[in-house]
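Take a moment with the sequence and the 3D picture below. Then let's walk through them together.

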Amino acid sequence: MLYPGLTALDFVGPLQVISALQEFGLGFEAVTVAAAREPLATDSPVSVTASHTFEQVPAPYGLIVPGGGAPTFAALADEQLTGYVRQAARSAKVVASVCTGSLILGSAGLLEGREAVTHWAAMPMLRAFGATPVSRRWVADGHVLTAAGVAAGIDMALHLAAELVGEDAARMIQAAIDYDPQPPLGPIDWDRVDRASMESSIKSMAEKGLADQPELLARLTTAGGAQSVSP
């Protein structure tokens with residue numbers, strides 16, 4: 001699902017994996033949906049246009065919701081967008097999210113009583129929607145599948161591919177996209193991460209995106225006493 005201001009990698013990563021299901025003839029068609037078929041800005045210097053509108057795909061087999069910064073928080077109060085998520089979830093076999101996209105699932109009422117994950121700096125906000133934050137790369141709870149921040153969407157999508165078409169096919173897709181992460185600085189050294197700075201940035205994004213939604217903003221920023229959840 002596309003909407004203005006989303007994080008490009010949040011949707012491009014999973015889309016690349018899911019598109020391979022179609023490319024390899026595995027019985028699925030990958031599409032993108034939005035309120036209208038018009039160019040949408042992202043958080044990078046590139047715009048995207050959905051292949052379909054919400055009305056054209058009222059009941060998808062599965063739905064993946066990407067996240068982002070302030071525009072994603074604004075989307076929490078977009079009834080057309082959250083309404084589509086709720087509608088799709090009624091019949092979808094899987095409803096997934098990447099990064100702060102999980103907060104959109106929460107706003108649509110899909111996280112109540114479920115375990116979920118989001119970007120590590122936004123984890124306490126999940127409690128505002130009745131979810132239990134869990135620090136894993138991805139979390140499956142019923143037909144809801146949430147991924148951690150940004151690049152974790154690729155891992156989640158490969159897990160989803162394995163669930164849909166089997167591990168052999170998922171491994172083929174992983175090899176096809178040459179996904180074998182070897183970051184030059186090694187894995188994240190969490191002892192060196194400036195958590196307070198990033199958590200402050202997330203709060204500022206929420207304040208910007210929800211400037212006209214004070215009640216929802218207050219729910220998010222006071223959820224669980226704003227307790228940190230370590231990765």
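This is a predicted model: local features need pLDDT of at least 70, side-chain atom pairs count only at pLDDT 80 or more; totals for chains, interfaces and linings use all residues.

Residues are numbered from 1 along each chain as its sequence is written, and side-chain values use heavy atoms, with hydrogens and water left out.

Let's begin with the record. UniProt, in an unreviewed entry, puts the feature "domain: DJ-1/PfpI" at residues 5–162; such positions are given in the numbering used here, feature names are shortened, and annotations may be inferred rather than shown by experiment. In the model, that span is 34% helix and 18% strand, and its end C-alpha atoms sit 30 Å apart. Helices (H or I, at least four residues) and strands (E, at least two) are DSSP runs, numbered from the N terminus.

Now for the charges. Side chains of opposite charge can pair when their charged atoms come close. You'll find 4 salt bridges here, meaning a side-chain nitrogen of Lys or Arg within 4 Å of a carboxyl oxygen of Asp or Glu. One of them joins Arg86 to Glu79, with N to O at 2.2 Å. Another brings Asp141 and Arg114 together, their closest N and O atoms 3.8 Å apart. Asp141 belongs to strand β9 (residues 138–141) while Arg114 sits in the loop between α4 (101–107) and β7 (115–116), so this pair ties together parts that are 27 residues apart in sequence.

Then there is Arg136 with Glu115, at 3.7 Å from N to O. Here a loop between β8 (132–133) and β9 supplies Arg136 and strand β7 supplies Glu115, so the bridge ties together parts 21 residues apart in sequence. Both ends are partly exposed, Arg136 with a relative accessible area of 43% and Glu115 with 34%. (Buried means under 20% relative accessible area, exposed over 50%, and partly exposed in between, using a 1.4 Å probe and protein chains only.)

On to the rings. The model has 3 aromatic pairs: rings of Phe, Tyr and Trp (its six-membered ring) with centres within 6.5 Å, called stacked if the planes are under 30 degrees apart, edge-to-face if over 60, and tilted for the rest. Phe28 is partly exposed at 23%, and so is Tyr61 at 44%.

Phe54 and Tyr84 have ring centres 4.3 Å apart and planes at 10°, so they are stacked. Phe54 comes from the loop between β4 and β5, Tyr84 from helix α3 (residues 79–91), so parts 30 residues apart in sequence are tied together. Phe54 is buried at 6%, and Tyr84 is buried at 3%.

Last stop: helix α7 (residues 195–209). Which of the residues of α7 are buried? They are Ile202, Ala206 and Gly209.
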